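Here is a short briefing to read alongside the model. Please take a look at the sequence and the structure, and then follow the notes below.

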Amino acid sequence: MTGPEPYAVSVPKGYRVGPWEVRDPIATGAFGSVYEARWAGGETGEAEVLSARNGSEARAERPKTAALKFLPTGTGTPRQLTHLRELAEREVELHRRLKDPRLIRLYDTLTVDDADRPQLDGATVLVLEKAETSLAALLARTPRPPDGPALLAQVCAGLAQLHRANWVHGDLKPANVLLMKDGSARLADFNMAAELEGTHAYTPAFSTPDYTPPELLWSEIGERGRQIRPSADVWAFGVLAHLVLTGSFPLPGGTPSARRDAAVAYARASDELRLSPELPDAWREIVHGCLSRTGRDRPSTRALLPQVETAAGAPRSRGPLLRRLSRRAAVATAAGIVAVTSAAAYGVTNWARQDGGSRGTAGATATGTAQVTVNPATYGASELRTDKGIPVKYRVVIVDTAHKCANPYVTPALIAGMLKVESNFDPDLSDPAKGEYGIARWTPNIMRWWMNDNGEPARSTPTPPLSPTVSIQAMGRYLCFIPTALSKDLPGDERVLIAAGYRTSYKVVNKAGGVPPQVRSYATRLTHYLKEYTPPGRK
């Protein structure tokens with residue numbers, strides 16, 4: 001039996017950060033940990049505060065409790081995101097510029113200086129308003145909550161406020177809607193938020209597939225990230241409203257991948273949108289408009305908000321209706337749901353990569369509208385040689401995994417070549433000295449963060465032997481992320497650089513300015529198999 005998973009940033013109870021004393025842990029993810037804290041007075045504690053923003057406001061308000069979000073320094077884990085600081089800066093900048101009752105409040109930002117604790121030294125700490133629970137927790141316990149319409153009106157009001165200020169949220173979903181003690185809703189997790197530059201903003205290429213509009217499933221990723229419009233938030237609101245009001249997603253499918261394919265089919269007009277018959281009539285036109293095939297056909301939140309408020313009926317009231325919600329939120333908290341779902345709301349969980357639709361390889365179900373029998377021996381033959389010893393039983397998962405990544409360098413030949421070099425396609429590989437196992441030579445406690453298609457980490461670390469299918473799919477998700485973290489203009493084949501980042505870490509590749517010396521032999525072997533597995537005429 002194994003114990004609980006360690007926190008990304010371990011902070012002992014009673015630890016002082018400026019005027020705050022850390023109390024009980026709330027949640028953790030791959031890229032941060034959140035703790036409850038209480039005001040203890042004073043300006044310094046065990047850790048000296050090196051910098052603070054909005055400090056005067058924090059001292060003036062002095063809430064009794066808060067949620068401290070610790071962002072790691074990168075000293076303890078080799079594969080943490082290099083863009084972590086950028087995400088934190090996005091969140092801080094939005095909070096600095098916007099203050100509204102529908103947005104979770106940021107009281108202060110601190111930087112820890114504590115040489116005696118290397119795992120904390122240099123950590124950024126966001127001092128956030130403490131919530132009771134999240135909409136995701138409420139839906140897990142009470143599908144179709146009676147107060148759902150009122151909450152949706154508040155969510156829409158928060159989006160409208162963001163859009164009026166020329167910001168896009170970029171990751172609206174139930175886990176990013178926090179419920180306060182009085183039952184009111186707040187939008188949270190703004191590390192994907194971006195300010196508009198004309199008609200577009202630019203965000204990292206990560207998203208939650210169920211709430212991503214079809215046009216972003218196949219969008220190109222430029223040097224500044226992915227272009228996004230406010231209409232992406234409107235699509236996400238339509239999905240959220242359908243889920244809250246009916247207990248189901250508006251697009252068919254039992255998994256996020258299946259629903260993603262259904263969204264692609266709908267956007268390409270090869271299938272129609274079939275909303276649940278349980279959706280109230282007052283909301284049907286609203287949801288249908290939000291889920292228009294193209295962004296230009298979706299309403300602005302300025303036009304949407306009055307419709308939503310009318311359908312909800314007096315949504316701005318903070319009377320008995322919301323107090324009843326507060327009692328249910330307390331029940332969810334007591335049940336322990338909040339500790340799981342609030343992780344995403346405070347922005348500490350892993351993110352899903354840009355998840356493109358299938359490229360239409362012969363035999364694949366690109367639209368998700370029909371099951372097609374395929375021949376594994378020739379599956380993806382236009383992209384992956386069939387005569388070079390790649391095991392037939394892995395061809396379908398290799399090709400499909402590559403197709404789920406929008407980055408053109410993550411190809412079936414790259415994945416197959418890496419599997420050859422990593423393990424010689426051996427699903428039972430075991431290297432305890434290095435802590436690596438399976439066909440993709442995963443370290444289990446790192447593989448955990450890339451196992452799930454919805455971007456959420458697995459609840460526990462997998463135990464060897466590791467499933468070949470799960471290992472290959474997790475490899476594809478991580479490979480799809482690595483290019484976003486590599487420095488620009490590194491010399492060499494982009495595919496080999498991505499593989500080198502997988503074998504060491506993207507930080508090591510960036511520091512070396514290319515393929516690190518310790519993996520040059522690995523890179524040479526991979527280059528050989530890239531050529532061998534790529535069909536003639538393809539790059």
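Strand β8 and strand β10 (residues 177-179) run antiparallel and are joined by two bridges. This is a predicted model, in which local features need pLDDT of at least 70 and side-chain atom pairs count only at pLDDT 80 or more, while totals for chains, interfaces and linings use all residues. Residues are numbered from 1 along each chain as its sequence is written, and side-chain values use heavy atoms, with hydrogens and water left out.

**The sheet**

- Three strands make an open, antiparallel sheet in the order β8-β10-β11; strands pair if DSSP finds at least two bridges between them.
- Strands (E, at least two residues) and helices (H or I, at least four) are DSSP runs, numbered from the N terminus.
- At the edges are β8 (133-134) and β11 (185-187), each pairing on one side only.
- Opposite Ser134 you will find Leu178 in β10.
- Helix α4 (residues 148-164) packs on the sheet and touches β10 and β11, where contact means heavy atoms within 4.5 Å.
- The direction of α4 makes about 30 degrees with that of β11; axes are lines fitted to C-alpha atoms, for helices over the stretch in contact, and angles run from 0 to 180 degrees between N-to-C directions.

**Aromatic pairs**

- Searching the whole structure gives twelve aromatic pairs; rings of Phe, Tyr and Trp (its six-membered ring) pair if their centres lie within 6.5 Å, with planes under 30 degrees apart counted as stacked, over 60 as edge-to-face and the rest as tilted.
- The ring centres of Tyr478 and Phe481 are 6.0 Å apart and the planes are at 35 degrees, so this pair is tilted.
- Both Tyr478 and Phe481 belong to helix α15 (residues 468-485), three residues apart, about one turn of the helix.
- Tyr478 is buried at 1% relative accessible area, and Phe481 is buried at 0%; buried means under 20% (1.4 Å probe, protein chains only).
- Phe481 also pairs edge-to-face with Tyr506, at 5.7 Å centre to centre and 80 degrees between the planes.
- That pair links distant parts of the chain, from Phe481 in α15 to Tyr506 in helix α17 (residues 506-512), 25 residues apart.
- Tyr506 is buried, with a relative accessible area of 0%.
- Ring pairs join Trp442, Trp450, Tyr478, Phe481, Tyr502 and Tyr506 into a cluster.

Terms used: Buried means under 20% relative accessible area, exposed over 50%, partly exposed in between (1.4 Å probe, protein chains only).
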